[in-house]
Amino acid sequence: MAFHISPAAPLPSHVHSSPSSPHFFQVSSPCSRRRSVFPCHPISLPFLSPPHPHVPPKASVQAPTTPQTSPLPSPDSSSLDDGDTRSRLPPPNPNLPFKNSIWVNPNSPRASRLRQRSSDSRYARLARLAASLDSSDPTEPAVSGVLASLGDAPPEQDAVIILNSMENSQNAVLVLRWFQSRIKLEKEVILYNVTLKVLRKCKDWNGLEALWEEMLEKGIKPDNVTFSTAISCARLCNLPAKAVEWFEKMPEFGCHPDDITYSAMIDAYGRSGNVEMALGLYDRARNEKWRLDPVTFATVIRVYSVSGNFDGALNVYEEMKALGVKPNVVIYNTLLDTMGRAGRPWQVKTIYREMSSRGLVPNRATYSALLRAYSKARYAEDALGVYKQMKERGMELNVILYNMLLSMCADIGSVDEAVEIFRKMKEMPDGCRPDIWSYSSLITAYCCSGKVSEAEGLLDDMLEAGFQPNIFVLTSLIQCYGKAQMTDSVVKSLHKLLELGIRPDDRFCGCLLNVATQTPAEELGKIIGCIERANHQLGSLVKMLVAEGTDNETVRREAEELFKCISSEVKKAYCNCLIDLCVNHDQLERACVLLDLAIRLEIYRDLQSRSPTQWSLHVRSLSLGAALTALHVWMNDLATSLQNGEELPPLLGIHTGHGKHKYSEKGLASGLESHLREINAPFHEAPDKVGWFLTTKVAAQSWLASRSSSDAVAA
């Protein structure tokens with residue numbers, strides 16, 4: 001069997017262009033012309049002209065489409081010696097593909113020498129040289145020693161291949177210097193571009209900027225490849241602002257971004273916080289049908305998420321699928337995180353099921369997003385299930401994820417689970433061991449479950465571990481002591497907080513106010529003293545509420561001034577506690593004054609509603625004392641409506657909600673039901689509407705008519 005050697009078309013001189021056909025000789029077997037017992041083995045021989053510097057030579061290529069315009073150089077006779085004959089290559093003739101070639105026995109020494117001079121062999125030799133340069137010392141003598149085998153005037157294409165194959169950015173710059181000193185370059189920007197790509201591989205942004213400054217000093221004009229390389233390097237280095245900076249200076253160098261660069265800039269603008277520009281480019285991408293990669297879609301989804309437009313994020317996901325872009329793990333992780341931020345755990349479940357159905361394997365980021373979403377939504381079973389899967393797969397949680405789990409367990413009262421998670425944390429390496437927030441969450445879980453001794457024991461452990469209690473720990477302890485009616489311990493905790501130089505905040509004062517609602521009358525003075533030390537204005541108001549003879553108008557004025565000074569997040573909690581104090585001390589009129597003020601200031605909203613078929617009272621967000629006060633006011637309103645000749649609707653209802661207090665078996669519904677029985681009101685729990693107490697028009701009219709006075713409600 002023999003091989004057929006035919007010449008290929010010449011390579012275009014500009015290394016950035018893509019040649020229509022590779023520039024090397026193809027050796028093909030003429031098996032179609034004669035039968036042979038030997039197999040056919042194609043070989044490439046690019047030794048007469050180097051391959052495209054940016055594209056590694058391929059193992060097999062297609063037949064050339066353009067004929068060679070000059071005769072093939074004649075190798076010396078020894079290079080073609082097959083052991084029996086000597087011959088010379090005839091002039092090429094594209095019309096006679098088998099006559100302008102020679103036949104080479106594949107088992108002869110000549111075929112072996114041709115293989116050694118093939119593109120594969122040459123590329124492999126240069127790649128090995130690049131590997132040697134990567135591992136050499138970062139000094140000019142060391143680099144020069146490795147490159148000495150190339151001679152004094154190596155081809156420019158060899159320089160491109162070597163630099164393009166390197167992985168060491170520091171040595172790549174030295175290699176660039178060596179080639180610049182020995183080669184007269186046609187377009188020096190090409191060597192700079194391949195060196196910049198090595199810097200990008202190594203995420204060496206400082207080196208890239210230094211090389212850029214050198215280019216400008218030498219008057220070398222950058223091209224589109226220069227800018228696209230720098231922009232992609234900035235993205236890899238997580239420097240979106242730098243990507244934006246480079247993108248915006250392209251026009252001053254006469255460069256115009258292509259679709260790929262524009263797509264990358266959607267990501268860069270999004271991550272740099274320029275939402276308007278990112279979404280503007282995304283709209284343009286949709287209109288002009290740019291090719292967008294999954295990373296860009298992930299960024300747009302994230303941009304919508306950060307701006308709070310969670311439905312917009314889902315729309316981007318649907319558009320991506322409509323364009324035929326397959327979601328990858330990064331997309332799904334971004335979506336899971338977005339829906340977690342939105343507080344939509346049901347959509348998190350749907351997205352995760354879709355991801356699993358596509359056969360994508362969840363990674364640590366996936367499980368972290370699930371854990372954050374479920375913990376935030378207090379989906380305890382799902383969150384603990386994800387935690388178990390992560391442990392089974394050998395994925396270690398960081399301290400932040402552990403603390404999220406502990407916080408969730410504390411909020412839902414899962415003390416046993418919190419204790420087990422905390423124990424696991426203590427067995428972890430230093431980076432995952434419990435921190436101040438871990439101790440705080442577990443102490444909160446103990447406190448809210450009434451486990452005083454366990455909370456105090458953990459506080460001692462925290463002090464031994466070198467952590468001082470923060471305001472959250474002390475707030476939880478005070479709440480715990482208040483429920484246990486350990487008034488002296490409450491006073492000591494406040495003293496400890498002030499001793500540590502911690503300033504009581506609105507939540508801490510709210511906790512003291514809540515403790516006051518649970519404290520017996522004989523101990524109440526101590527708690528009021530604590531409130532005064534924490535917030536003098538609040539303490540003064542509490543004194544007025546429980547004192548005899550205080551004018552109701554003064555109470556209204558002082559309460560309104562207080563609500564102007566506290567944060568909106570705690571106003572409802574403060575109002576609930578203040579009304580509870582009034583009810584506990586038989587000050588119903590003051591409770592009604594505070595309720596009226598809260599409605600006027602929109603602290604309480606939509607407590608009453610009326611429709612043609614039902615009038616309702618909504619107390620599900622109120623404390624028991626505030627709910628009883630609202631019920632008293634509503635009953636009076638109903639009586640007034642009857643006196644004015646208004647017709648009651650067929651149904652009247654009280655909506656309490658159906659949940660329990662998160663640390664108590666007793667919810668608002670049971671407390672209100674007990675009170676309705678006491679005043680003999682005809683409201684009964686609806687069997688088909690959970691959390692509702694209903695009565696009919698006839699029963700309500702009869703009961704209201706029999707009421708002797710509104711004092712029965714206060715009792």
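Predicted model: local features only at pLDDT ≥ 70, side-chain atom pairs only at ≥ 80, totals over all residues.
A charge is taken to sit over a ring if NZ of Lys or CZ of Arg is within 6 Å of the ring centre and within 35 degrees of the ring normal. Residues are numbered from 1 along each chain as its sequence is written, and side-chain values use heavy atoms, with hydrogens and water left out.

By the charge criterion, the charged end of Lys249 sits over the ring of Trp246, 4.4 Å from its centre. Lys689 likewise lies over the face of Trp692, at 4.5 Å from the ring centre.

Trp246 also takes part in aromatic pairing. Rings of Phe, Tyr and Trp (for Trp, the six-membered ring) are paired if their centres lie within 6.5 Å; planes under 30 degrees apart count as stacked, over 60 as edge-to-face and the rest as tilted. In one of them, Trp205 and Trp246 are arranged edge-to-face, with 6.1 Å from centre to centre and 70° between the planes. Because Trp205 lies in helix α7 (residues 205-217) and Trp246 in helix α9 (residues 240-248), the pair ties together parts that are 41 residues apart in sequence. Helices (H or I, at least four residues) and strands (E, at least two) are DSSP runs, numbered from the N terminus. Both Trp205 and Trp246 are buried, where buried denotes under 20% relative accessible area, exposed over 50%, and partly exposed in between (1.4 Å probe, protein chains only). Trp205, Trp212, Phe227, Trp246 and Phe253 form one aromatic cluster.

Phe247 counts as buried at 11% relative accessibility, as does Tyr269 at 1%.

Elsewhere, 5 strands form an open sheet of mixed pairing in the order β5-β6-β7-β9-β8; two strands pair if DSSP finds at least two bridges between them. The edge strands, each pairing on one side only, are β5 (608-610) and β8 (684-685). β5 and β6 pair in the antiparallel sense over 3 bridges, and Gln608 stands opposite Leu617 in β6. β6 and β7 pair in the parallel sense over 5 bridges, with Ile654 of β7 as the bridge partner of Leu617. Strand β7 (residues 651-655) is largely enclosed by the rest of the structure, because 4 of its 5 residues are buried.

His618 is found in strand β6 (residues 614-618) and counts as buried at 17% relative accessibility. Its side chain makes a polar contact with the side chain of Ser609 at 2.9 Å. Such a contact is a pair of N or O atoms within 3.5 Å; within protein, one must be able to donate a hydrogen and the other to accept it, and residues adjacent in sequence count only if both atoms are side-chain atoms. Leaving aside neighbours within four places in sequence, His618 is in contact (heavy atoms within 4.5 Å) with Asp606, Leu607, Gln608, Ser609, His655 and Trp692.
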